[in-house]
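Here are a few exercises to work through with the model open. Try each task before you read its solution.

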Amino acid sequence: MGNRKHIQEQIHKFTEGLAPAKLLAVTKYSKNEDLIHAYEAGQRDFGESRVQELAAKAEELQEDYQGIQWHFIGHLQSNKMNRLLKTPGLSFIHSIDSMKLLETLYKKQEQFEGSKLNFFLEVKTTDEEEKGGIPDYAQLCDCVKFIQDQGKSVLNFYGLMTMGPIRTDNFEDGARSSFKKLRETRDQIQADFGLSELRLSMGMSSDYQFALDEGTDWVRIGSAIFKE
Ligand SMILES: *Cc1c(COP(=O)(O)O)cnc(C)c1O
């Protein structure tokens, strides 16, 4: 119970401080008890990076906590797609990071039971080897072409997501250049494909200010809310 006050203060602080950008509260380090504290402060968007964990939390909460929108933000293996799509309250996937995964998403879309599933394409904007994401503009274009060829669907191409660098000589410069790159890539995709209103998902506890400066639409924050 000791966390309750801290969590609720952080939810209020971020919700106000980030607007018009939106707060995705990342619960991967937290139990549902803490998530409920955030829910009671008005938070409805929650993010998880592992399918099992997301499914377990969502199923436990679905009856008593209406209106939760779940966001999947982790690396997704194709063989977990069915399980993910069947999760109650799933509303966003931030981490479609390859053409193969994109094809799997479309192939399995009937598994999804909701009315609309928004997804982001994850773009690699740093040269850190272990980072996921679509590595170059040509491959990103292939993905967008694929989406445009699919026609109407419960799936909605919502925007682009990235992760800032972790190991860098200058943390601030590294983050800023990664987020600038994502924004420029978004602008270019919109121009090249005649799209409008693609959103950005970037920024975490340690670098969200720089993401706000680049005009992000969603900020994904875990430890600054849930770890005291
Ligand atoms: C864990 C995680 C976050 C949140 O990280 P914090 O540093 O705890 O705010 C954001 N995005 C992704 C993809 C994550 O895996």
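**Exercise 1: the enclosed space**

The largest cavity has a volume of about 30 Å³. This is a predicted model, where local features need pLDDT of at least 70 and side-chain atom pairs count only at pLDDT 80 or more, while totals for chains, interfaces and linings use all residues. Residues are numbered from 1 along each chain as its sequence is written, and side-chain values use heavy atoms, with hydrogens and water left out.

Task: find which residues line the largest cavity, then sort them by class.

Solution:
- Step one: the lining is made up of Glu122, Val123, Lys124, Thr125, Thr126, Lys131, Gly132, Thr162 and Met163.
- Step two: by class, that gives 2 nonpolar, 4 polar and 3 charged residues, with Gly counted as polar.

**Exercise 2: the ligand**

Task: work out which residues surround the ligand and which polar atoms lie by its oxygen atoms.

Solution:
- Step one: pick out the shell (a heavy atom within 4 Å), which holds Val26, Lys28, Tyr29, Ile73, Met163, Met204, Ser205, Arg220, Ile221, Gly222 and Ser223.
- Step two: sort that shell, and you get 6 nonpolar, 3 polar and 2 charged residues.
- Step three: look for polar contacts (N or O atoms within 3.5 Å). A polar side-chain atom of Ser205 is 2.5 Å from a ligand oxygen, a backbone N or O atom of Gly222 is 2.8 Å from one, and a side-chain N or O atom of Tyr29 is 3.2 Å from one.
- Step four: check the cover. Alone, the ligand exposes 390 Å², and the protein buries 90% of that (Shrake-Rupley, 1.4 Å probe).

Definitions and conventions. A polar contact is a pair of N or O atoms within 3.5 Å; within protein, one must be able to donate a hydrogen and the other to accept it, and residues adjacent in sequence count only if both atoms are side-chain atoms. On a 1 Å grid over the protein atoms alone, a cavity is a set of points where a 1.4 Å probe fits but cannot get out, and a pocket is an open set with protein on both sides within 12 Å along at least five of seven lines; lining residues have an atom within 4 Å of a point. Grid points are joined across faces, edges and corners, and a volume is the space filled by probe spheres set on the points.
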